[in-house]
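I opened the notebook to look up how side chains pair and pack in this model. My notes follow in the order I took them.

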Amino acid sequence: MSTPKKKIIIPVINDLATDQRVLRLCQWWYKKNYHIILYGRILPNSPEMPKVPYEVHRVKHFFNKGMCFYAEYSIRLFFFLLFHKSDKIWANDLDTLPASGLAKWLGKTNMLIYDSHEYFTEVPELQSNPFAKNVWLFFERTFVPKVDYAFTVNKSIADVYTKLYGIP
């Protein structure tokens, strides 16, 4: 009898078919013998998903931009994670972290990994929208300190997160 594979869920907010960085990450976990569940959205003009050796969940949304989109995405992801226990969740960017953090808090995963591809709360789109920026700052302050591991794209962003939240 073989040992069951460990399971990792990788939520992504962008179109899964075109995100090469995430597809490479999934290949890396696949080579480590993980059962991978890649979760993301499908847009009206999304291309076909390339053939991959892991599970893919692409979800159509009623909203495709703005606060309604982010709320809908987070709620859908949360319910998905609620019914899919895993060994790890690899949250790609801050927009997947609230649902992933709640799933960890509820015991639906053993480990939460945060992969920050940008300093999310400082992106240009949020600078002219103080309400949205404060909402994302709330999520960042609530969930980043609770992750087990954090990754980012460069040392300067890593230094900011280390200074703000005490996590290397």
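**Entry 1: salt bridges**

I began in helix α6, where D159 and K155 sit 4 residues apart, so about one helical turn separates them. Helices here are DSSP runs of H or I with at least four residues, strands are runs of E with at least two, and both are numbered from the N terminus. The model is predicted: local features need pLDDT of at least 70, side-chain atom pairs count only at pLDDT 80 or more, and totals for chains, interfaces and linings use all residues. Residues are numbered from 1 along each chain as its sequence is written, and side-chain values use heavy atoms, with hydrogens and water left out.

D159 and K155 form a salt bridge, with the closest N and O atoms 3.1 Å apart. I used the rule of a Lys or Arg side-chain nitrogen within 4 Å of an Asp or Glu carboxyl oxygen. K155 is exposed at 59% relative accessible area. D159 is partly exposed at 38%. The classes are buried under 20%, exposed over 50% and partly exposed in between (1.4 Å probe, protein chains only).

How many salt bridges does the structure hold? I found 5. D15 pairs with R58, the closest N and O atoms being 2.9 Å apart. This pair links distant parts of the chain: D15 is in strand β1 and R58 in strand β3 (residues 55-60), 43 residues apart. D15 counts as buried at 8% relative accessibility, while R58 is partly exposed at 22%. R21 and D19 also meet in a salt bridge, at 2.9 Å from N to O. D19 is buried at 7%, and R21 is partly exposed at 32%.

**Entry 2: nonpolar cores**

I then looked up the cores, meaning sets of buried Ala, Val, Leu, Ile, Met, Phe, Trp, Tyr and Cys joined through side-chain atoms within 4.5 Å. The largest has 31 residues, and L81, L97, Y114 and V144 touch the most other members. Elements giving two or more residues include β1 (7-15), β5 (109-116) and α5 (130-143). Helix α2 gives the most, with 6 residues.

I checked L97 for contacts (heavy atoms within 4.5 Å). Not counting residues up to four places away in sequence, L97 touches A91, L112, Y114, F143, V144 and V147. A second, separate core has 17 residues, including V12, Y34, I36 and W90.

**Entry 3: aromatic pairs**

I paired rings of Phe, Tyr and Trp (its six-membered ring) with centres within 6.5 Å; planes under 30 degrees apart are stacked, over 60 edge-to-face, the rest tilted. The count is 16 aromatic pairs. F69 and Y73 make a tilted one, 6.1 Å centre to centre with 45° between the planes. Both lie in helix α2, 4 residues apart, about one turn. F69 and Y73 are both buried.

W90 and F151 are stacked, because their ring centres are 5.2 Å apart and their planes lie at 20°. W90 is in strand β4 and F151 in strand β6 (residues 149-152), so the pair ties together parts 61 residues apart in sequence. F151 is partly exposed at 41%.

I also noted a cluster linked by ring pairs: Y39, F69, Y70, Y73, F80, F120, W136, F138 and F139.

**Entry 4: a buried lysine**

K133 lies in helix α5. K133 is buried, with a relative accessible area of 17%. Leaving aside neighbours within four places in sequence, K133 contacts T121, E122, L126 and Q127.
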